[in-house]
Amino acid sequence: MEAQHSPEASPQAGAQAETAAAGPSRPTAGSRLTVDSPEGMQDLGRRLAKLLRPGDLVMLTGELGAGKTTLTRGLGEGLGVRGAVTSPTFVIARVHPPLGDGPALVHVDAYRLGGGLDEMADLDLDVSLPESVVVVEWGDGKVEDLSEDRLHVLIHRMAGETDDDRREIALHGYGERWRAAGLESAAV
């Protein structure tokens, strides 16, 4: 059985993290869907990439093994960036430059970072954000202040000893940027 390393391990804790991560603001858009396989998670990433543009901040929340990096791999494919998208756990952040005219993908794993935005200041995410799509795994309570407009993806997987690849996904857009961005189209 996999150890549960995050507060998102239970539905109740996930709802609490969702509320805490939202801060004082409420989502302006949202959608829910179920993904049945890693391939489905990667496909969701490709569909979400069609909605993304330079300056977008995407926060990914879910326990270890939930599919955050798999989703980011799909985002990278959909954005058309260079390099294999792998977990940046030990390097903290990877930059994937665009192969064409699109934005770069900055992929951050904040799992080992204990503090908030102050500790992340050395990563210069505020400098990268305007021209890139910044995706932050484990960013709850750490990066919300980077932008009032952000997409928060909450991934809940079946807990316990199970071979079930099914994931329940909640997409929450915050700020005017996401009000009419079409999150529902990514859930199809």
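In this predicted model, Lys68 is buried but has no salt bridge, and the nearest side chain of opposite charge, that of Glu137, is 4.8 Å away. Buried here means under 20% relative accessible area, exposed over 50% and partly exposed in between, with a 1.4 Å probe and protein chains only. A salt bridge requires a side-chain nitrogen of Lys or Arg within 4 Å of a carboxyl oxygen of Asp or Glu, and in assigning charge Lys and Arg count as positive and Asp and Glu as negative, while His and the chain ends are not counted. The side chain of Lys68 instead reaches the backbone oxygen of Gly62 at 2.8 Å. Lys68 belongs to helix 3 and, not counting residues up to four places away in sequence, touches Leu60, Thr61, Gly62, Glu63, Glu137, Trp138 and Ile155, contact being defined as heavy atoms within 4.5 Å.

Because the model is a prediction, local features need pLDDT of at least 70 and side-chain atom pairs count only at pLDDT 80 or more, whereas totals for chains, interfaces and linings use all residues. Residues are numbered from 1 along each chain as its sequence is written, and side-chain values use heavy atoms, with hydrogens and water left out.

The protein chain contains 7 helices and 7 strands, where helices (H or I, at least four residues) and strands (E, at least two) are DSSP runs numbered from the N terminus. Along the sequence these elements follow the pattern α-β-α-β-α-β-β-α-α-β-β-β-α-α. Of the 188 residues of the chain, 49% count as buried, and among contacts with a separation of 6 or more, 68% are between residues 24 or more positions apart.

Trp138, one of the residues that Lys68 touches, is located in the loop between strand 5 (132–137) and strand 6. Trp138 has a positive phi of about 60° although it is not a glycine, and it counts as buried because its relative accessibility is 13%.

Within strand 6 (residues 150–157) lies His152, which counts as buried because its relative accessibility is 0%. The side chain of His152 makes a polar contact with the side chain of Thr61 at 2.6 Å; such a contact is a pair of N or O atoms within 3.5 Å, of which, within protein, one must be able to donate a hydrogen and the other to accept it, and residues adjacent in sequence count only if both atoms are side-chain atoms. From C-alpha to C-alpha, His152 is 6.3 Å from Gly173, although the two are 21 residues apart in sequence.

His172 is part of strand 7 and counts as buried because its relative accessibility is 10%. Between His172 and Val58 there are 9.9 Å, C-alpha to C-alpha, at a sequence separation of 114 residues. In strand 1, Ser31 counts as buried because its relative accessibility is 14%, and, its neighbours within four places in sequence left aside, Ser31 is in contact with Ile169, Ala170, Leu171, Leu183, Glu184 and Ala187.

Helix 2 (residues 38–49) has 12 residues and spans 17 Å from its first C-alpha to its last, close to the 16 Å expected at 1.5 Å a residue, the expected span being 1.5 Å times one less than the number of residues. Met41, Gln42, Leu44, Gly45, Arg47, Leu48 and Ala49 are buried in this helix, and the cover over its buried residues includes strand 1 (29–35), helix 3 (68–79), strand 6, strand 7 (167–174) and helix 7 (183–186).
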